[in-house]
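Here is a short walk through the structure, for reading with the model open beside you. We begin with single residues and then move on to the chain contacts and the confidence values.

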Amino acid sequence: MARLRNVLPTDLRPAFRGVVRGALTVVAVSLLAAASADAQAQSQQPGRPQPPPAPTTAAQPAASGGAAQPQAPAPSKPQPAGATKPLARKSAPPQTSKSWKGRGFAVVAAGAQVATQGYTSTSVFTVHAEDATLTADASIGIGPAFAARAGMRVWKNLALGGGVSVVSASQSLDVTGRLPHPFQFNQPRDVEGTADGLERVETLAALEVSWLVAVSRRVDMLVFGGPAYLHVRQDMATRIQFTEAYPYDTATYTGIETVSMSGGGVGVTGGVDVAYLLSKHLGIGGELRYSYASTTLTPSKEPSTVPLGGLQVAVAARILF
Amino acid sequence: MRRLVRPARRALALLAALSAAVLMSAHPSAQAGPNRRTVAAFEGRDVRAWDAQIARMLRDGQLRSRGEEADLLLEGRSHERLDQYHDGVKVFGGELVRQAHDGQTVSVLGVVYAGIRVDTEPALGPQEAAAAVAELTGAAVGPGLDPELVVLPRDEGGYVLAYRLRVLTDYDLEVFFIDASSGGVALRYSDLQTAVGTGQGVHSDTKKLSTSLRNGTNLAIDAMRPPTIYTYDLKGNLSRTKLYVSGFITLNESDVAADADNLWTDAAVVDAHAYAGWTYDYLFKRFNRRGLDNRDLTMASVVHPVRREDWVSAPSETLNLYYLNAFYAGRGIMVYGEGLPPGATMGGRQWNYFSGAIDVVAHELGHGVTDYTSDLIYRNESGALNEALSDIIGTSVEFFYQQAGAGYMKADYLLGEDLTAPSGAFRSMANPQAYGHPDHYSKRYLGTEDNGGVHRNSGIANNAFYLAIESGTNRTSGLSVQGVGAAHREQIEKAFFRGFTQLLPANATFAMARAATLQAARDLYGSGSDVERAIEQAWTAVGVL
């Protein structure tokens, strides 16, 4: 898999963060819209005073497909000024989500992995005929995430399916090291420094169970979860680069050497996908996903446990069929 | 006006000459001898008078400055060595050491000779002098060893014009003074500055070695330290060893100890190479000194000068020098004895490679430091001080790298205890009497053996050094000393090193060593400091007043 980091240049990352914020905004707006639609619907219940419907000049097209929706009665006489239009008249909801009748769904999402657990790695290498150690505390930056999911309804609102995602992020390392003295055993020099821009690409493949939850007539939510296999290919620090001069009692950190390593582990994933239904077959919204697994990578002698996954936020498009 | 000025100048000159004469003959800090005058000026008035005297002697050509060197431990201080000359010829042992602070003289210490009446036109040339030595000893003198024309003060009084040269003979490294008129020997003494050794072994400890890779082979060439440090493996070729030490040949990379995989197994090479570097490091870290000459002089260690298996048939002088000894041969060259084959004993002990004891290696390199600093003459009291300084450096290096304790690879106040099995030593700084050496000035050896007892009387200064650090009671005087404690040993090391290397003249005495180390302590740690008190008590305890 090509590294997405290469697809998204560094200077576009702020813009990408904007996309993430946008995704969150879409989720929030969807939920607000759903709440507003529900309020409208409740206001049209019998026995409660109703505002007179607005006059129409043309018949509204019937909603395509799905169950027939109750239409607002045609006006019989002019309405007083200031009366509001009944929202439900403009278009019928694509389908009632309380009882999902479709065969399945597919979702594509683009966003970011906003929270990824860091890790600590230790590397042992040889300097001046003695073991040197490197300890790196890695923090993972926010990186672009692309995901796709699909599911087939198997019972009521329950669907079975799967999903994949790809995340590319850069790592920053806080490095500490102990470098042996060239002339004496057991007289290490301590060094510390940082390293940025190490690459990391994480992929996920999951079997997912999804449950469609109707939030309102136009907004519904897929809650999903299941086992996942997460794989990572990332740079790991192997050696410290340094300078030294006589009497060699100190050394100066100048950087690190890295190796690209990969590994994977089975874990879990789960999340929610909220969509505003633009039509019976298309919705847009946002998705939150959290995944976790771990793997063991051994850059040099010492194995390191590397957590995988994290919290993804994305804007998503849903296709219903 | 001129009539007045001229008599006034004469009067001043006369006054100055009288003052100098009074200072040189009756000054409380000066010891007068028939010809030799010891100078020890540390107080303002004395110092100013000697400053003026030095200026006059410089003008008259009686003194020549060898140059100034910055103090390694005190910023702003400098030390100037001034050699005495007579009619353009250096007076052997005549030297003043002037310490200055920002250009102002702080102290003057040294020896000057008076009443010299010697014709400085030699009847012999330097090559004739070298030939005379060659005829006397059977040793050849290489072109690298130029005889130096000097005025030699004689022990029995008077002076003689002589050539001085240091020659490696079959069994010794000797200094000869050849009378420049008659070709006879005016003076000779051994300059074999050795640990006089005993030695046990190269222990099975693992050390790091700085080596150089050349054409796929690792050579014992340390290029990581500022001076290049070579360890030569002469593979038992004694004649080649002698040619090298005598200055006839230079060694090349084919003589350097080598190892294919850089996992060195030749213990003699490992220890010689590692300990030479460690000693350089100690001098640098402790005293800011850059090697033997403070200019990163190349250091060369020679191991395997003979073959162990030949020891039974080796002449006694070869056995004593190249099997059971180690010596500093000048010009940064150390030669380490081969020891005896496993199972062979001498004096009831097995003897291992002489490079296997860190105090022995540092001791020999200490002689190199002395060579390039005070150059303490290797006989009588100055020779004992020379040996003491090497013991002090050897022991200090040992404490710098090893844990205090008893036994192999432990730091202690014994010299050479790591060389033999069962473990023995050849000197003790804590208890010189245990090895038959004096621990008090009143018991000093006054005979002529051992260059006037340089390896025996060193016990006096050694014991002072020990007491100033560790506290204790001198066994002869019964006087107790409150030392600074092992945790502060660095202070005593610095005071002794500075005093011995930078303040003492070549012809120093024990009394001058006391004055120099006390002055160093005051300069470094202030008057009335614990260090000054400890050193003063220590010298007093060993009878040096």
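## An exposed glutamine in a loop

In this predicted model, B:Gln403 sits in the loop of chain B that runs between α8 (380–401) and β20 (414–415). Is B:Gln403 buried or exposed? Its relative accessibility is 59%, so B:Gln403 counts as exposed. Leaving aside residues up to four places away in sequence, B:Gln403 touches B:Lys410 and B:Ala411.

## A buried asparagine in a strand

Now turn to B:Asn218, which belongs to strand β12 (residues 217–219) of chain B. With a relative accessibility of 8%, B:Asn218 counts as buried because the cut-off for that class is under 20%.

What does B:Asn218 touch, once residues up to four places away in sequence are set aside? Its contacts include B:Thr211, B:Ser212 and B:Leu213, along with B:Ala257, B:Ala258 and B:Trp264. B:Ala260 is also one of the residues touched, and here a polar atom of the B:Asn218 side chain lies 3.1 Å from the backbone oxygen of B:Ala260.

## Where the two chains meet

Contacts between the chains involve 13 residues of chain B and 13 residues of chain A. Together the two chains bury about 1100 Å², with 60% of that area on carbon and sulfur atoms. On the chain B side, the most area is lost by B:Lys208, B:Met224 and B:Lys285, which together make up 58% of what that side buries.

There are 2 salt bridges between chain B and chain A. One of them joins the side chains of B:Lys208 and A:Glu130, at 2.6 Å from N to O. Helix α5 (residues 267–287) supplies the largest share of the chain B side, namely 5 residues. Sorted by class, that side holds 6 nonpolar, 2 polar and 5 charged residues.

For the complex, the predictor gives an ipTM of 0.73 and a pTM of 0.73. Chain B has a mean pLDDT of 87, and 90% of its residues reach 70 or more.

Where pLDDT is low, predicted coordinates should not be read in detail.

How values were computed: Residues are numbered from 1 along each chain as its sequence is written. Chains are lettered from A and ligands numbered from 1 in the order in which they are written. This is a predicted model: local features need pLDDT of at least 70, side-chain atom pairs count only at pLDDT 80 or more; totals for chains, interfaces and linings use all residues. Side-chain values use heavy atoms; hydrogens and water are left out. Contact means heavy atoms within 4.5 Å. Buried area is the accessible area (1.4 Å probe) that two parts lose on being put together, summed over both. A salt bridge is a side-chain nitrogen of Lys or Arg within 4 Å of a carboxyl oxygen of Asp or Glu. Helices (H or I, at least four residues) and strands (E, at least two) are DSSP runs, numbered from the N terminus. Ala, Val, Leu, Ile, Met, Phe, Trp, Tyr, Cys and Pro count as nonpolar, Asp, Glu, Lys and Arg as charged, and the others, Gly among them, as polar. Buried means under 20% relative accessible area, exposed over 50%, partly exposed in between (1.4 Å probe, protein chains only). pLDDT is the predictor's confidence in each residue, from 0 to 100. A polar contact is a pair of N or O atoms within 3.5 Å; within protein, one must be able to donate a hydrogen and the other to accept it, and residues adjacent in sequence count only if both atoms are side-chain atoms.
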